[in-house]
Amino acid sequence: MNGVHDLGGMQSFGPVLPEVDEPPIHEDWERRTLAVTLAVGALGLWNIDQMRHQREKLPPAQYLSSSYYEIWQAALENTIEELGLLEDPPEGVRARTAEELVTAFSSRGSYVRPTDRPARYAVGQRVRTRNLNPVGHTRLPRYARGKVGTVIAVRGPHVFPDRNAAPLGTRPDPEPEWLYTVDFDGRELWGEDADPTLTVSVDAWEPYLEEVA
Amino acid sequence: MGSDHSHSHSHGHSHDHGSDEEEFSTLSPMDARVRALETLLTERGLVDRAALDAVVERYEQEVGPHNGAQVVARAWTDPDYRAWLLEDADEAIASLGHVGRQGEHMVVVENTPEQHNMVVCTLCSCYPWPVLGLPPVWYKSPAYRAKAVIDPRGVLADFGVTLPEGTRIKVWDSTAEVRYLVLPMRPEGTEGLTEERLAELVTRDSMIGTGLALRPEEVAP
């Protein structure tokens with residue numbers, strides 16, 4: 001989705017403002033939003049890509065004028081409402097205990113999934129990103145569409161976000177896609193005035209890429 | 001879900017209602033809104049308050065950049081560990097006990113005099129929680145996410161950092177579940193320092209690439 005969350009390369013946001021000795025959490029409500037989001041997420045009623053899409057599809061003005069945890073809270077509220085979770089909690093779903101949550105969050109998950117298909121591209125190969133503009137969730141940023149780059153790593157077959165972010169309440173398509181890290185020269189992305197020493201990489205799934213003729 | 005309406009209502013009429021609403025009336029709108037949702041979810045058995053407290057404790061107290069600093073200091077002092085870290089960061093980091101959500105597919109990228117690395121997530125705020133903890137506000141801000149990929153030297157200037165001319169700059173946009181950690185250069189004059197002392201020189205920003213590791217004289221002994 002071409003949303004305002006896709007921020008790479010915009011030039012109107014001013015300087016980055018670091019905060020000296022910043023605490024991990026600023027407000028008590030942020031603490032609760034973090035915990036509730038993670039705890040309800042652990043019920044398994046949606047996946048990370050579905051929740052990312054819930055955040056990025058907030059109205060643009062709301063997204064840009066909200067803090068990080070305000071975005072989390074708003075997306076969580078919308079999700080709970082869309083699923084009717086408070087009116088009609090799903091059968092058999094119960095709160096995770098502290099032990100279950102801490103164990104889950106301190107364990108190693110994986111987004112690698114098996115596939116029979118071989119990787120189509122290899123390290124060192126030139127590839128072009130496709131000019132994709134899907135209305136649903138995607139993880140190919142706009143600044144890196146239709147650009148030629150070089151594969152520098154093959155990361156294995158990973159869960160494919162564009163299909164994993166299936167509409168809420170439906171089952172995602174589990175077929176993974178090969179994931180690559182692709183390097184782009186700064187001038188390929190930003191033109192002749194770009195920093196000549198700049199390289200930017202994105203992690204791109206195979207359906208985002210095509211061969212360079 | 002209507003919480004906007006209900007909390008503003010309780011603000012206006014808190015004296016007419018029960019003690020819960022009076023308590024809410026002293027809270028900020030976000031406090032009241034978040035607490036209301038937590039209460040509803042708790043009443044329906046979907047979250048457990050003790051479990052929420054445990055989650056907060058993990059992410060606010062236990063996980064943080066001190067974990068990543070330990071990884072970096074080990075890599076600075078143990079060439080075998082450094083080689084392992086660059087080859088298979090998942091296993092090398094797990095060997096020090098730093099495993100968990102948002103750190104499933106770690107990749108460590110090494111700064112050299114020739115190349116400086118910087119990490120961003122332009123699409124949201126992906127960040128390696130097990131080694132760096134929760135991301136700072138600036139990392140999540142539109143300004144950083146917009147600027148890092150087009151003007152990383154400008155970002156470094158915002159942090160008061162100037163790279164030597166000729167140092168190439170490489171920005172890693174973490175658009176998948178791969179999480180990047182920068183291995184900063186070991187400062188000069190640190191030959192005799194212990195691993196523990198070296199870890200004190202490793203800042204969060206140096207592991208994102210918006211900063212450099214501190215020199216010993218920049219840290220109180």
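A: Of the 221 residues in chain B, 58% are buried, meaning under 20% relative accessible area, whereas exposed means over 50% and partly exposed lies in between (1.4 Å probe, protein chains only). The model is predicted, so local features need pLDDT of at least 70 and side-chain atom pairs count only at pLDDT 80 or more, while totals for chains, interfaces and linings use all residues; side-chain values use heavy atoms, with hydrogens and water left out. Residues are numbered from 1 along each chain as its sequence is written, and chains are lettered from A and ligands numbered from 1 in the order in which they are written.

Because its relative accessibility is 0%, B:Tyr144 counts as buried. Its contacts (heavy atoms within 4.5 Å), with residues up to four places away in sequence left out, include one partner in chain A, A:Val16. In chain B, the residues that B:Tyr144 touches are B:Met118, B:Val119, B:Val120, B:Trp138, B:Tyr139, B:Val155, B:Ile208 and B:Thr210. B:Thr122 lies 22 residues from B:Tyr144 along the chain, and their C-alpha atoms are separated by 8.2 Å.

Where contacts in chain B have a sequence separation of 6 or more, 63% are between residues 24 or more positions apart. Chain B exposes about 8,900 Å², and carbon and sulfur atoms supply 49% of that area; accessible areas come from the Shrake-Rupley method with a 1.4 Å probe, and for residues only the protein chains shown count as cover.

B:Arg82 and B:Glu110 meet through their side chains in a salt bridge, at 2.7 Å from N to O. B:Arg82 sits in helix 6 (residues 79-87) of chain B and B:Glu110 in strand 1 (residues 105-110) of chain B, so this pair ties together parts that are 28 residues apart in sequence. A salt bridge here is a side-chain nitrogen of Lys or Arg within 4 Å of a carboxyl oxygen of Asp or Glu. B:Arg82 is partly exposed at 32% relative accessibility, and B:Glu110 is partly exposed at 26%. Another salt bridge joins B:Glu218 to B:Arg215, with 3.7 Å between the closest N and O atoms. B:Glu218 has a relative accessible area of 43% and is therefore partly exposed; B:Arg215, with 44%, is partly exposed as well.

Chain A, which supplies A:Val16 to the surroundings of B:Tyr144, has seven helices and five strands. Their order along the sequence is α-α-α-α-α-β-β-α-β-α-β-β. Along the principal axes, the C-alpha atoms of chain A fill a box of roughly 55 × 45 × 30 Å. Buried residues account for 49% of its 213 residues.

A:Tyr111 lies in the loop of chain A between helix 5 (98-105) and strand 1, and its 18% relative accessibility is why it counts as buried. Apart from neighbours within four places in sequence, A:Tyr111 is in contact with A:Ile48, A:Pro157, A:His158 and A:Val159, and across in chain B with B:Glu104, B:His105 and B:Glu177. A:Glu99 is 12 residues from A:Tyr111 in sequence, yet their C-alpha atoms are 23 Å apart in space.

Chain A has charged pairs of its own. The side chains of A:Glu210 and A:Arg128 form a salt bridge at 3.9 Å, N to O. Since A:Glu210 lies in strand 5 (residues 209-211) and A:Arg128 in strand 1 (residues 126-129) of chain A, the pair ties together parts that are 82 residues apart in sequence. A:Glu210 is partly exposed with a relative accessible area of 31%, as is A:Arg128 with 30%. A network of salt bridges links A:Arg117, A:Arg163, A:Asp173, A:Glu175 and A:Glu177. Over all chains, a search of the whole structure finds 30 salt bridges.

Note on methods:
Helix = DSSP H or I, 4+ residues; strand = E, 2+ residues; numbered from the N terminus.
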